Amino acid sequence: MKNTKKRFIVFIGVFIMMITCMTNATVYAGTSLDSLMNQYVGTRWVDMNGDSLYYYGYECKGFANYIFKELWDVKHIGAYDSSKYYIPNPSGAYEIGRLDFNSMSLDNAKNLLSQGLPGDFIQVRRRGKDYGHSMILVSTNTEGITVFDCNSDGKCTIKKYNISWWQFYNANSAMSLYRANNNKGESESQNTIFNGVDYSSVYNFDYYTLKNPDVKKTFGNDQKAVFEHFLARGMLEGRRGSVEFDVNYYRSQNPDLQRAYGNDLKSYYLHYITQGRLENRKGVETNVNGVDYSFVYSFDYYTSNHPDVKQKYGNDRDATFQHFLGRGMLEGRRASAEFDVNYYRSQNPDLQKAYGSDLKSYYFHYITQGRLENRKGAA
């Protein structure tokens with residue numbers, strides 16, 4: 001009797017754990033995305049015995065068709081049109097959105113892909129090419145997306161890798177996104193609303209933990225705890241939580257708010273959320289055309305280490321930043337504790353071959369790719 005009772009308790013415990021896991025993850029109709037990636041990443045896509053019913057082709061499209069079938073039991077999503085960036089009549093799936101050659105932009109691509117869920121099907125037309133490419137979406141974050149695909153290297157190698165928003169836009173001239181009809185997974189978008197205020201314009205979990213490694217170390221992936229830290233301490237300490245907003249810049253550019261709020265940093269965040277954006281007040285100095293230069297540039301660091309810049313521009317943050325963009329990078333000036341272009345260049349022979357003495361390209365590579373590849377930016 002005791003053993004029966006113990007077995008029953010264990011069964012209940014396991015059942016509860018299973019239910020908990022299911023409510024916090026995408027529920028697949030077939031094999032899970034993680035297991036498929038574990039099985040195929042690093043291998044090469046082959047004929048699969050010529051079973052065209054499921055695979056419908058070789059290389060990227062055939063592989064993506066197969067993975068979509070394994071995930072959602074969709075035998076064939078359909079063929080793309082002659083422009084090769086969308087599927088006119090998807091089977092077992094529906095179109096989330098489409099960007100043609102005129103509507104494709106960095107922001108539009110980011111907005112569309114940010115609606116994606118793990119296991120969604122991405123179809124693109126390669127920029128400057130006459131062919132398309134098919135991918136399976138793994139995840140999105142503030143930096144870009146993670147995809148699972150075949151033949152991105154031209155050798156039919158199956159890979160899982162990160163692509164920054166800029167890289168994605170730079171590589172593709174049109175795109176579309178599809179979701180299986182039976183993909184009922186809920187978006188993993190974070191809750192950024194507290195007491196009726198939406199903090200999403202000044203706070204993002206991924207960005208906050210990336211910019212504040214002490215927070216990441218303490219709270220890990222606990223989104224609720226990290227958001228609570230931002231609310232209770234982050235704003236009071238002037239921590240940056242979003243690519244869209246830098247409280248130090250916002251404060252320096254608005255004398256009227258300085259008179260109203262003084263050193264009450266939290267009030268600047270709230271003003272931007274509730275009024276500043278609507279008044280078209282600029283929230284950050286380092287975001288240009290979707291590229292976040294804060295990883296290689298800090299106003300305080302730049303002016304402290306380059307007295308000629310400080311003497312010429314004083315506390316004019318916009319003019320100082322424009323100097324960095326127009327001359328600083330070309331001259332190889334260091335503007336951040338995180339990045340030293342001379343060190344970065346010396347440690348990466350592959351980049352030396354690609355960029356030579358074009359110093360600006362090293363800054364840009366680190367921002368858009370190097371960080372994501374865990375390349376060290378400074379000694």
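Student: Is Glu95 buried, exposed or partly exposed?

Tutor: Glu95 is partly exposed in this predicted model, at 32% relative accessibility. Buried means under 20% relative accessible area, exposed means over 50%, and partly exposed lies in between (1.4 Å probe, protein chains only).

Student: Which residue forms a salt bridge with Glu95?

Tutor: Start with the general idea. Side chains of opposite charge can pair when their charged atoms come close. The rule for a salt bridge is a side-chain nitrogen of Lys or Arg within 4 Å of a carboxyl oxygen of Asp or Glu. Here Arg98 pairs with Glu95, and their closest N and O atoms are 3.0 Å apart. Arg98 is partly exposed too, with a relative accessible area of 38%.

Student: How many salt bridges does the rule give?

Tutor: The count is 17. One of the groups is a network that links Asp214, Arg233, Glu237 and Arg239.

Student: What does the salt bridge between Asp120 and Arg179 tie together?

Tutor: First, the pair itself: the side chains of Asp120 and Arg179 meet at 2.8 Å, N to O. Helices (H or I, at least four residues) and strands (E, at least two) are DSSP runs, numbered from the N terminus.

Student: Are Asp120 and Arg179 buried or exposed?

Tutor: Asp120 is buried, at 0% relative accessibility. Arg179 is buried as well, at 9%.

Student: Where do Arg375 and Asp350 lie?

Tutor: Their side chains form a salt bridge, 2.8 Å from N to O. Arg375 is in the segment after helix H18 (359-370), and Asp350 is in helix H17 (residues 349-355). The pair links distant parts of the chain, 25 residues apart. Arg375 is partly exposed at 21% relative accessibility, and so is Asp350 at 39%.

Student: What is the mean pLDDT of the protein?

Tutor: pLDDT is the predictor's confidence in each residue, from 0 to 100. The mean is 84, and 86% of the residues reach 70 or more. Over residues 1-25 the pLDDT is below 50, and this stretch has 1 contact (heavy atoms within 4.5 Å) beyond near neighbours in sequence. Residues 48-57 also stay under 50, with 18 contacts beyond four places in sequence. Where pLDDT is low, the predicted coordinates should not be read in detail.

Student: Which conventions apply?

Tutor: Residues are numbered from 1 along each chain as its sequence is written, and side-chain values use heavy atoms, leaving out hydrogens and water. In this predicted model, local features need pLDDT of at least 70, side-chain atom pairs count only at pLDDT 80 or more, and totals for chains, interfaces and linings use all residues.
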